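Work through the exercises below with the model open beside you. Try each task before reading its solution.

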Amino acid sequence: MRGMRAKEARGRPERSTDHFFETLAHYRELVLQRIRELVPDNRYRRTLYGPMLEYPLREGKGFRPALCLSMCQACGGNVTEALDTAAALEMFHNAFLIHDDIEDGSESRRGLPTLHQTYGVAIATNVGDGLNMLAMRTLLGNVELLGLERALTVIREVERMARESTEGQSIELDWVRRNPPDIRVRDYLLMSWKKTCWYTCIAPLRTGALIAGLHPGRLERFTAFGFKTGAAFQIQDDVLNLTAEESLYGKEIGGDIAEGKRTLMVVHLIGAAEGRDRARVLDIFGKPRAAKTPEEIGFVLDAMHRYGSIDFARQVARRLAFGARRVFENRLAWLAPSPHRRFIEEMIDYMIERRL
(Lines give C-alpha, C1' and ligand atoms only; values in the text may rest on other atoms or scores of the structure.)
Protein backbone atom coordinates (compact mmCIF):
# COMPACT_ATOMS: atom_id res chain seq x y z
CA MET A 1 0.00 0.00 0.00
CA ARG A 2 2.87 2.40 0.78
CA GLY A 3 4.35 1.74 -2.64
CA MET A 4 1.06 2.52 -4.32
CA ARG A 5 0.67 5.77 -2.38
CA ALA A 6 4.16 6.82 -3.41
CA LYS A 7 3.34 6.10 -7.04
CA GLU A 8 0.10 8.06 -6.72
CA ALA A 9 1.95 11.05 -5.26
CA ARG A 10 4.58 10.97 -8.01
CA GLY A 11 1.85 10.77 -10.66
CA ARG A 12 -0.09 13.81 -9.46
CA PRO A 13 0.40 17.27 -10.88
CA GLU A 14 0.26 20.18 -8.47
CA ARG A 15 -3.37 20.89 -7.72
CA SER A 16 -5.16 24.20 -7.61
CA THR A 17 -8.30 23.66 -5.58
CA ASP A 18 -9.22 27.32 -6.14
CA HIS A 19 -9.31 26.75 -9.89
CA PHE A 20 -11.40 23.61 -9.53
CA PHE A 21 -14.02 25.07 -7.20
CA GLU A 22 -14.20 28.40 -9.02
CA THR A 23 -14.81 26.56 -12.29
CA LEU A 24 -17.38 24.28 -10.65
CA ALA A 25 -19.24 27.28 -9.20
CA HIS A 26 -19.17 29.07 -12.57
CA TYR A 27 -20.67 26.09 -14.40
CA ARG A 28 -23.26 25.60 -11.66
CA GLU A 29 -24.49 29.18 -11.97
CA LEU A 30 -24.72 28.91 -15.76
CA VAL A 31 -26.77 25.73 -15.53
CA LEU A 32 -29.06 26.94 -12.73
CA GLN A 33 -29.86 30.10 -14.66
CA ARG A 34 -30.75 28.01 -17.71
CA ILE A 35 -32.95 25.67 -15.62
CA ARG A 36 -34.79 28.69 -14.17
CA GLU A 37 -35.50 29.79 -17.76
CA LEU A 38 -36.67 26.31 -18.82
CA VAL A 39 -39.03 25.61 -15.90
CA PRO A 40 -42.47 27.11 -16.68
CA ASP A 41 -43.98 29.75 -14.43
CA ASN A 42 -47.72 29.23 -14.73
CA ARG A 43 -50.83 28.11 -12.85
CA TYR A 44 -49.16 24.79 -11.88
CA ARG A 45 -46.30 26.45 -10.05
CA ARG A 46 -47.51 25.62 -6.52
CA THR A 47 -47.75 21.85 -6.93
CA LEU A 48 -45.36 21.13 -9.82
CA TYR A 49 -42.99 23.76 -11.17
CA GLY A 50 -42.17 25.42 -7.85
CA PRO A 51 -41.21 22.14 -6.12
CA MET A 52 -39.36 21.18 -9.32
CA LEU A 53 -36.80 23.89 -8.57
CA GLU A 54 -36.27 22.99 -4.92
CA TYR A 55 -33.57 20.32 -5.24
CA PRO A 56 -31.60 22.10 -8.00
CA LEU A 57 -31.57 25.36 -6.02
CA ARG A 58 -30.49 23.77 -2.73
CA GLU A 59 -26.80 23.92 -1.94
CA GLY A 60 -25.10 21.47 -4.29
CA LYS A 61 -22.14 21.06 -6.59
CA GLY A 62 -23.60 20.73 -10.09
CA PHE A 63 -20.86 18.25 -10.83
CA ARG A 64 -22.52 16.35 -13.69
CA PRO A 65 -23.35 19.32 -15.93
CA ALA A 66 -19.89 20.74 -15.19
CA LEU A 67 -18.31 17.59 -16.61
CA CYS A 68 -20.41 17.88 -19.76
CA LEU A 69 -19.53 21.55 -20.29
CA SER A 70 -15.83 21.11 -19.54
CA MET A 71 -15.41 18.07 -21.79
CA CYS A 72 -17.22 19.80 -24.64
CA GLN A 73 -14.80 22.72 -24.42
CA ALA A 74 -11.79 20.44 -23.89
CA CYS A 75 -12.70 18.77 -27.20
CA GLY A 76 -12.92 22.10 -29.01
CA GLY A 77 -16.65 22.79 -28.66
CA ASN A 78 -18.35 25.80 -27.12
CA VAL A 79 -20.38 26.14 -23.95
CA THR A 80 -23.42 27.60 -25.70
CA GLU A 81 -24.05 24.43 -27.69
CA ALA A 82 -23.69 22.23 -24.62
CA LEU A 83 -25.65 24.29 -22.09
CA ASP A 84 -29.09 22.83 -22.72
CA THR A 85 -27.75 19.26 -22.56
CA ALA A 86 -25.95 20.07 -19.31
CA ALA A 87 -29.19 21.51 -17.90
CA ALA A 88 -31.09 18.41 -18.98
CA LEU A 89 -28.54 16.17 -17.25
CA GLU A 90 -28.99 18.17 -14.04
CA MET A 91 -32.77 17.82 -14.32
CA PHE A 92 -32.49 14.06 -14.83
CA HIS A 93 -30.16 13.91 -11.82
CA ASN A 94 -32.61 15.72 -9.56
CA ALA A 95 -35.50 13.57 -10.78
CA PHE A 96 -33.42 10.50 -9.87
CA LEU A 97 -32.80 11.99 -6.42
CA ILE A 98 -36.50 12.63 -5.80
CA HIS A 99 -37.46 9.08 -6.78
CA ASP A 100 -34.45 7.60 -4.97
CA ASP A 101 -35.40 9.40 -1.75
CA ILE A 102 -38.92 7.97 -1.99
CA GLU A 103 -37.66 4.44 -2.67
CA ASP A 104 -35.18 4.60 0.20
CA GLY A 105 -37.45 6.39 2.66
CA SER A 106 -34.78 9.09 3.09
CA GLU A 107 -35.54 11.96 5.43
CA SER A 108 -33.18 14.73 4.33
CA ARG A 109 -31.49 15.94 1.16
CA ARG A 110 -28.91 18.72 1.03
CA GLY A 111 -29.60 19.74 4.59
CA LEU A 112 -33.40 20.05 4.27
CA PRO A 113 -36.34 17.61 4.37
CA THR A 114 -36.73 15.45 1.27
CA LEU A 115 -39.40 16.49 -1.18
CA HIS A 116 -41.77 13.67 -0.21
CA GLN A 117 -41.44 14.63 3.45
CA THR A 118 -42.61 18.15 2.57
CA TYR A 119 -45.24 17.53 -0.10
CA GLY A 120 -46.11 13.85 0.28
CA VAL A 121 -45.15 10.89 -1.89
CA ALA A 122 -47.74 11.53 -4.62
CA ILE A 123 -46.73 15.12 -5.39
CA ALA A 124 -43.00 14.34 -5.08
CA THR A 125 -43.34 11.43 -7.51
CA ASN A 126 -45.15 13.65 -9.98
CA VAL A 127 -42.50 16.37 -9.65
CA GLY A 128 -39.80 13.78 -10.45
CA ASP A 129 -41.81 12.65 -13.49
CA GLY A 130 -42.19 16.27 -14.55
CA LEU A 131 -38.45 16.88 -14.32
CA ASN A 132 -37.82 13.87 -16.56
CA MET A 133 -40.38 15.18 -19.06
CA LEU A 134 -38.83 18.66 -19.06
CA ALA A 135 -35.33 17.22 -19.47
CA MET A 136 -36.43 15.22 -22.51
CA ARG A 137 -38.13 18.26 -24.02
CA THR A 138 -34.91 20.22 -23.51
CA LEU A 139 -32.90 17.54 -25.32
CA LEU A 140 -35.37 17.56 -28.22
CA GLY A 141 -34.76 21.30 -28.50
CA ASN A 142 -31.17 20.46 -29.48
CA VAL A 143 -32.42 19.67 -32.98
CA GLU A 144 -32.47 23.38 -33.81
CA LEU A 145 -29.17 24.02 -31.99
CA LEU A 146 -27.06 21.02 -33.02
CA GLY A 147 -28.82 19.63 -36.06
CA LEU A 148 -30.84 16.43 -36.23
CA GLU A 149 -27.95 13.93 -36.32
CA ARG A 150 -26.01 15.25 -33.33
CA ALA A 151 -29.19 15.87 -31.33
CA LEU A 152 -30.40 12.29 -31.83
CA THR A 153 -26.96 10.92 -30.96
CA VAL A 154 -27.04 12.85 -27.68
CA ILE A 155 -30.56 11.55 -26.94
CA ARG A 156 -29.36 7.97 -27.51
CA GLU A 157 -26.55 8.55 -25.01
CA VAL A 158 -28.95 9.93 -22.42
CA GLU A 159 -31.38 7.07 -23.00
CA ARG A 160 -28.59 4.61 -22.28
CA MET A 161 -27.64 6.58 -19.17
CA ALA A 162 -31.22 6.38 -17.89
CA ARG A 163 -31.46 2.66 -18.67
CA GLU A 164 -28.16 1.82 -17.00
CA SER A 165 -29.10 3.86 -13.92
CA THR A 166 -32.53 2.28 -13.47
CA GLU A 167 -31.05 -1.20 -13.94
CA GLY A 168 -28.42 -0.42 -11.31
CA GLN A 169 -31.11 0.91 -8.99
CA SER A 170 -33.06 -2.32 -9.47
CA ILE A 171 -30.01 -4.31 -8.33
CA GLU A 172 -29.67 -2.23 -5.18
CA LEU A 173 -33.38 -2.34 -4.35
CA ASP A 174 -33.37 -6.10 -4.81
CA TRP A 175 -30.45 -6.43 -2.37
CA VAL A 176 -32.37 -4.39 0.20
CA ARG A 177 -35.43 -6.58 -0.30
CA ARG A 178 -33.69 -9.99 -0.22
CA ASN A 179 -30.83 -9.26 2.23
CA PRO A 180 -28.42 -11.67 0.48
CA PRO A 181 -25.37 -12.77 2.51
CA ASP A 182 -22.99 -13.39 -0.39
CA ILE A 183 -22.53 -10.11 -2.31
CA ARG A 184 -18.94 -9.66 -3.47
CA VAL A 185 -16.88 -6.57 -4.23
CA ARG A 186 -17.25 -7.13 -7.97
CA ASP A 187 -21.05 -7.31 -7.54
CA TYR A 188 -20.96 -3.96 -5.77
CA LEU A 189 -18.78 -2.44 -8.52
CA LEU A 190 -21.19 -3.68 -11.21
CA MET A 191 -24.10 -2.08 -9.38
CA SER A 192 -22.12 1.15 -8.99
CA TRP A 193 -21.04 1.06 -12.66
CA LYS A 194 -24.68 0.99 -13.72
CA LYS A 195 -26.43 3.06 -11.06
CA THR A 196 -23.86 5.78 -10.40
CA CYS A 197 -21.05 5.87 -12.94
CA TRP A 198 -23.15 6.22 -16.07
CA TYR A 199 -25.09 9.26 -15.00
CA THR A 200 -22.43 10.82 -12.76
CA CYS A 201 -19.43 10.65 -15.09
CA ILE A 202 -19.70 8.50 -18.22
CA ALA A 203 -22.73 10.13 -19.88
CA PRO A 204 -21.71 13.73 -19.07
CA LEU A 205 -18.24 13.11 -20.56
CA ARG A 206 -19.57 11.35 -23.64
CA THR A 207 -22.33 13.85 -24.38
CA GLY A 208 -19.95 16.78 -23.98
CA ALA A 209 -17.55 15.20 -26.47
CA LEU A 210 -20.36 14.40 -28.91
CA ILE A 211 -21.61 17.98 -28.88
CA ALA A 212 -18.07 19.15 -29.68
CA GLY A 213 -18.15 16.94 -32.78
CA LEU A 214 -16.18 13.89 -31.63
CA HIS A 215 -17.06 10.82 -33.69
CA PRO A 216 -19.27 8.36 -31.75
CA GLY A 217 -16.75 5.61 -32.50
CA ARG A 218 -14.23 7.34 -30.22
CA LEU A 219 -16.50 7.54 -27.16
CA GLU A 220 -15.39 4.29 -25.51
CA ARG A 221 -12.16 5.92 -24.35
CA PHE A 222 -14.28 7.91 -21.86
CA THR A 223 -16.03 4.87 -20.43
CA ALA A 224 -13.20 3.33 -18.38
CA PHE A 225 -12.22 6.76 -17.07
CA GLY A 226 -15.81 7.56 -16.13
CA PHE A 227 -16.25 4.20 -14.41
CA LYS A 228 -13.16 4.49 -12.21
CA THR A 229 -13.87 8.10 -11.34
CA GLY A 230 -17.57 7.54 -10.72
CA ALA A 231 -17.00 4.46 -8.56
CA ALA A 232 -14.46 6.36 -6.45
CA PHE A 233 -17.05 9.14 -6.08
CA GLN A 234 -19.74 6.70 -4.92
CA ILE A 235 -17.49 4.96 -2.41
CA GLN A 236 -16.39 8.29 -0.95
CA ASP A 237 -20.02 9.36 -0.74
CA ASP A 238 -20.86 6.17 1.15
CA VAL A 239 -17.92 6.75 3.51
CA LEU A 240 -19.08 10.30 4.18
CA ASN A 241 -22.53 8.95 5.03
CA LEU A 242 -20.85 7.34 8.04
CA THR A 243 -18.11 9.80 8.95
CA ALA A 244 -19.07 13.37 7.95
CA GLU A 245 -20.76 16.03 10.02
CA GLU A 246 -24.45 16.01 9.16
CA SER A 247 -24.59 19.81 8.93
CA LEU A 248 -21.93 19.68 6.20
CA TYR A 249 -22.95 16.44 4.46
CA GLY A 250 -26.56 17.47 3.90
CA LYS A 251 -28.04 13.99 4.46
CA GLU A 252 -28.66 11.99 7.61
CA ILE A 253 -25.50 10.33 8.90
CA GLY A 254 -25.89 6.55 8.92
CA GLY A 255 -28.88 6.79 6.59
CA ASP A 256 -27.46 4.10 4.30
CA ILE A 257 -27.44 1.63 7.20
CA ALA A 258 -31.00 2.55 8.15
CA GLU A 259 -32.10 2.07 4.54
CA GLY A 260 -30.38 -1.32 4.32
CA LYS A 261 -28.11 -0.34 1.41
CA ARG A 262 -25.26 -2.67 0.50
CA THR A 263 -22.41 -0.18 0.40
CA LEU A 264 -18.86 -1.40 -0.08
CA MET A 265 -18.34 -1.19 3.69
CA VAL A 266 -21.32 -3.48 4.29
CA VAL A 267 -20.11 -5.95 1.67
CA HIS A 268 -16.69 -6.05 3.34
CA LEU A 269 -18.17 -6.27 6.85
CA ILE A 270 -20.41 -9.24 6.05
CA GLY A 271 -17.46 -11.00 4.43
CA ALA A 272 -15.03 -10.23 7.28
CA ALA A 273 -17.25 -10.52 10.38
CA GLU A 274 -17.35 -13.76 12.30
CA GLY A 275 -19.90 -15.71 14.29
CA ARG A 276 -22.39 -13.64 16.24
CA ASP A 277 -21.21 -10.36 14.74
CA ARG A 278 -21.98 -11.54 11.21
CA ALA A 279 -25.33 -13.03 12.23
CA ARG A 280 -26.36 -9.83 13.98
CA VAL A 281 -25.35 -7.63 11.05
CA LEU A 282 -27.42 -9.76 8.68
CA ASP A 283 -30.33 -9.70 11.11
CA ILE A 284 -30.21 -5.91 11.32
CA PHE A 285 -30.03 -5.52 7.55
CA GLY A 286 -33.00 -7.85 7.20
CA LYS A 287 -35.22 -5.40 9.09
CA PRO A 288 -37.15 -2.56 7.44
CA ARG A 289 -35.95 0.95 8.16
CA ALA A 290 -38.69 1.69 10.71
CA ALA A 291 -37.76 -1.40 12.75
CA LYS A 292 -34.05 -0.58 13.10
CA THR A 293 -33.09 1.03 16.41
CA PRO A 294 -30.35 3.63 16.90
CA GLU A 295 -28.48 1.00 18.95
CA GLU A 296 -28.52 -1.42 16.02
CA ILE A 297 -27.26 1.23 13.60
CA GLY A 298 -24.55 2.08 16.14
CA PHE A 299 -23.59 -1.59 16.39
CA VAL A 300 -23.11 -1.84 12.61
CA LEU A 301 -21.04 1.34 12.53
CA ASP A 302 -18.87 0.12 15.42
CA ALA A 303 -18.38 -3.25 13.69
CA MET A 304 -17.28 -1.49 10.50
CA HIS A 305 -14.53 0.24 12.49
CA ARG A 306 -13.51 -2.96 14.29
CA TYR A 307 -13.26 -5.02 11.10
CA GLY A 308 -11.57 -2.26 9.06
CA SER A 309 -14.44 -1.93 6.57
CA ILE A 310 -14.24 1.86 6.26
CA ASP A 311 -10.47 1.78 5.74
CA PHE A 312 -10.95 -0.96 3.15
CA ALA A 313 -13.44 1.18 1.23
CA ARG A 314 -11.10 4.18 1.29
CA GLN A 315 -8.28 2.03 -0.08
CA VAL A 316 -10.49 0.80 -2.94
CA ALA A 317 -11.50 4.40 -3.73
CA ARG A 318 -7.83 5.43 -3.84
CA ARG A 319 -6.97 2.56 -6.17
CA LEU A 320 -9.84 3.49 -8.45
CA ALA A 321 -8.72 7.13 -8.52
CA PHE A 322 -5.15 6.06 -9.26
CA GLY A 323 -6.48 3.91 -12.10
CA ALA A 324 -8.56 6.82 -13.39
CA ARG A 325 -5.46 8.99 -13.53
CA ARG A 326 -3.58 6.35 -15.52
CA VAL A 327 -6.47 6.05 -17.99
CA PHE A 328 -6.61 9.83 -18.30
CA GLU A 329 -2.88 10.07 -18.98
CA ASN A 330 -2.85 7.18 -21.46
CA ARG A 331 -6.19 7.22 -23.28
CA LEU A 332 -7.05 10.92 -23.08
CA ALA A 333 -3.58 12.32 -23.68
CA TRP A 334 -4.79 13.71 -27.01
CA LEU A 335 -6.81 16.41 -25.20
CA ALA A 336 -4.91 19.67 -25.71
CA PRO A 337 -3.75 21.58 -22.61
CA SER A 338 -6.48 23.98 -21.52
CA PRO A 339 -8.30 25.11 -18.36
CA HIS A 340 -11.08 22.68 -19.31
CA ARG A 341 -8.72 19.70 -19.50
CA ARG A 342 -7.18 20.80 -16.22
CA PHE A 343 -10.59 20.92 -14.52
CA ILE A 344 -11.32 17.32 -15.56
CA GLU A 345 -7.93 16.15 -14.28
CA GLU A 346 -8.35 17.97 -10.96
CA MET A 347 -11.70 16.27 -10.58
CA ILE A 348 -9.95 12.92 -9.96
CA ASP A 349 -8.47 14.09 -6.67
CA TYR A 350 -11.70 15.81 -5.70
CA MET A 351 -13.59 12.51 -5.92
CA ILE A 352 -11.67 10.90 -3.07
CA GLU A 353 -10.58 13.94 -1.05
CA ARG A 354 -13.89 15.77 -0.70
CA ARG A 355 -15.29 16.04 2.81
CA LEU A 356 -18.90 16.87 1.95
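**Exercise 1.** How are H16 and H17 set to each other: parallel, antiparallel, perpendicular or oblique?

*Solution.* Keep in mind that this is a predicted model.

Step 1. Locate the helices: H16 covers residues 275–285, and H17 covers residues 294–306.

Step 2. Take the geometry. The two axes come within 10 Å and cross at roughly 135 degrees.

Step 3. Apply the cut-offs. Roughly perpendicular spans 65 to 115 degrees, and roughly antiparallel starts over 145. H16 and H17 are therefore oblique to each other.

Step 4. The crossing of H16 past H17 is left-handed.

Step 5. List the contact. H16 supplies Asp277, Arg280, Val281, Ile284 and Phe285, while H17 supplies Glu296, Phe299, Val300 and Arg306. Sorted by class, these residues are five nonpolar, no polar and four charged.

**Exercise 2.** Work out how H15 is oriented to H17, and which residues meet.

*Solution.* Step 1. H15 spans residues 264–272. Its axis and that of H17 come within 10 Å and cross at roughly 75 degrees.

Step 1. That angle makes H15 roughly perpendicular to H17.

Step 2. From H15, Met265, Val266 and Leu269 meet Val300, Ala303 and Met304 of H17.

Step 3. Class the residues of this contact: six nonpolar, no polar and no charged.

**Exercise 3.** Describe how H15 packs with H16 by angle, hand and contact residues.

*Solution.* Step 1. The axes of H15 and H16 come within 8 Å, crossing at roughly 140 degrees.

Step 1. The pair is therefore oblique.

Step 2. H15 passes H16 in a left-handed crossing.

Step 3. Val266, Leu269 and Ile270 of H15 touch the H16 side, made up of Arg278, Val281, Leu282 and Phe285. The classes are six nonpolar, no polar and one charged.

**Exercise 4.** Which residues of the largest nonpolar core touch the most other members? Then list what Phe222 touches.

*Solution.* Step 1. The core holds 106 residues. Met71, Phe222, Phe225, Ile235, Met304 and Ile344 touch the most other members.

Step 1. Zoom in on Phe222. Leave out residues up to four places away in sequence. Phe222 then touches Met71, Cys75, Leu205, Arg206, Ala209, Leu214, Leu332 and Trp334.

Step 2. Link back to the helices. Met304 is listed among those core residues, and Met304 of H17 is also part of the contact with H15.

Terms used: Residues are numbered from 1 along each chain as its sequence is written. This is a predicted model: local features need pLDDT of at least 70, side-chain atom pairs count only at pLDDT 80 or more; totals for chains, interfaces and linings use all residues. Side-chain values use heavy atoms; hydrogens and water are left out. Axes are lines fitted to C-alpha atoms, for helices over the stretch in contact, and angles run from 0 to 180 degrees between N-to-C directions. Helices (H or I, at least four residues) and strands (E, at least two) are DSSP runs, numbered from the N terminus. Angles under 35 degrees count as roughly parallel, over 145 as roughly antiparallel, 65 to 115 as roughly perpendicular and the rest as oblique. A crossing is left-handed if the near helix is turned anticlockwise from the far one by less than a right angle, and right-handed if clockwise. Contact means heavy atoms within 4.5 Å. Ala, Val, Leu, Ile, Met, Phe, Trp, Tyr, Cys and Pro count as nonpolar, Asp, Glu, Lys and Arg as charged, and the others, Gly among them, as polar. A nonpolar core is a set of buried Ala, Val, Leu, Ile, Met, Phe, Trp, Tyr and Cys residues joined through side-chain atoms within 4.5 Å. Buried means under 20% relative accessible area, exposed over 50%, partly exposed in between (1.4 Å probe, protein chains only).
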